[in-house]
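Hi everyone, thanks for making time for me today. Please bring up the sequence and the model, and let's walk through them together.

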Amino acid sequence: MDSLEDAGVPRALYEELLRNYQQQQEDMRHLQQELERTRRQLVQQAKKLKEYGALASETKELRDLNRRLQDVLLLRLGSGPAIDLEKVKSECLEPEPELRSTFSEEANTSSYYPAPAPVMDKYILDNGKVHLGSGIWVDEEKWHQLQVTQGDSKYTKNLAVMIWGTDVLKNRSVTGVATKKKKDAVPKPPLSPHKLSIVRECLYDRIAQETVDETEIAQRLSKVNKYICEKIMDINKSCKNEERREAKYNLQ
């Protein structure tokens, strides 16, 4: 201070400048904190917007499925036009060449009929078969047994076996991506997205009879891949156990 006074700077002016400097530093800290809070809020809002976009897409899909279910119910009640099944079958088209190879790979317990034009309605009975949509047919007796199955998990797993069969399921994966639990795991061919969509639609029709809450429906449908993955793991585990029993028996 003595040196400042010697330089001609009054003490009062120095103290005022010092207070202003300290106040500016304090204001700067507040601004930085506010900017950080704003940044976090923006990040959270961006996440919410992303989730909302996904939810909106799922909601639209569920509404479309709901309209389809209403059409089916109206047909069952006789409010819609009568369907001549033989006429529809006679108008069926052959599948595209690239799809034909995919269908031939999936030898399973369900029967595949070429996609018809116009599109055939779901749950039509014909010659001991039930049409699940998009040309996928399953055994009528097994289908009726499936309807009394308790729980989404068991229903989905049993339906997957009806559509693909255990021989196909044990050699496939839901997405075609190798598991991360094993470093040297080789990815298996994915299940047909076409048939996966049929599984989801059937489960949706079942859930829609229990609730109209779209959030609950979306949450329950989101577990379809998980259920089928668990079923594939159960089938492979059962096959390995059977192989061990046979090997042990052969050694005796």
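Let me begin with how helices and strands are named here: they are DSSP runs, with helices being H or I over at least four residues and strands being E over at least two, numbered from the N terminus. What we have is a predicted model, in which local features need pLDDT of at least 70, side-chain atom pairs count only at pLDDT 80 or more, and totals for chains, interfaces and linings use all residues. Residues are numbered from 1 along each chain as its sequence is written, and side-chain values use heavy atoms, with hydrogens and water left out.

Now the overview. The protein has 10 helices and four strands, and along the sequence they follow the pattern α-α-α-α-β-β-β-β-α-α-α-α-α-α. Of the 252 residues, 27% are buried; buried means under 20% relative accessible area, exposed means over 50%, and partly exposed is in between, using a 1.4 Å probe and protein chains only. I will also talk about contacts, meaning heavy atoms within 4.5 Å. Among contacts between residues at least 6 apart in sequence, 58% join residues at least 24 apart.

Let's go to the strands. Asp-126 lies in strand E2, residues 125-126. Is Asp-126 buried or exposed? Its relative accessibility is 12%, so Asp-126 counts as buried. Its side chain makes a polar contact with the side chain of Asn-127, at 3.5 Å. A polar contact is a pair of N or O atoms within 3.5 Å; within protein, one must be able to donate a hydrogen and the other to accept it, and residues adjacent in sequence count only if both atoms are side-chain atoms.

Asn-127 itself sits in the loop between E2 and E3. Because its relative accessibility is 70%, Asn-127 counts as exposed. Have a look at its backbone too: phi of Asn-127 is near 55 degrees, a positive value in a residue other than glycine. As background, most residues other than glycine have a negative phi.

Moving along, strand E3 (residues 129-133) and strand E4 (residues 136-139) pair in the antiparallel sense over four bridges. Two strands pair if DSSP finds at least two bridges between them. Within this pair, Val-130 stands opposite Val-138 in E4. The hairpin of E3 and E4 has two residues between the strands, and there Ser-134 takes a positive phi near 55 degrees. Ser-134 counts as partly exposed because its relative accessibility is 30%.

Now for the helices. How do H8 and H9 pack? Helix H8 (residues 193-208) and helix H9 (residues 214-221) meet at an angle of about 140 degrees, with their axes 10 Å apart. The axes are lines fitted to C-alpha atoms, for helices over the stretch in contact, and angles run from 0 to 180 degrees between N-to-C directions. From H8, the contact is made by Arg-200, Leu-203, Tyr-204 and Ile-207, and from H9 by Ile-217, Arg-220 and Leu-221.

My last stop is Glu-214, also in helix H9. With a relative accessible area of 32%, Glu-214 is partly exposed. Which residues does Glu-214 contact, leaving aside its neighbours within four places in sequence? They are Thr-59, Leu-62 and Arg-63. Glu-214 and Leu-55 are 159 residues apart in sequence and 10.0 Å apart in space, C-alpha to C-alpha.
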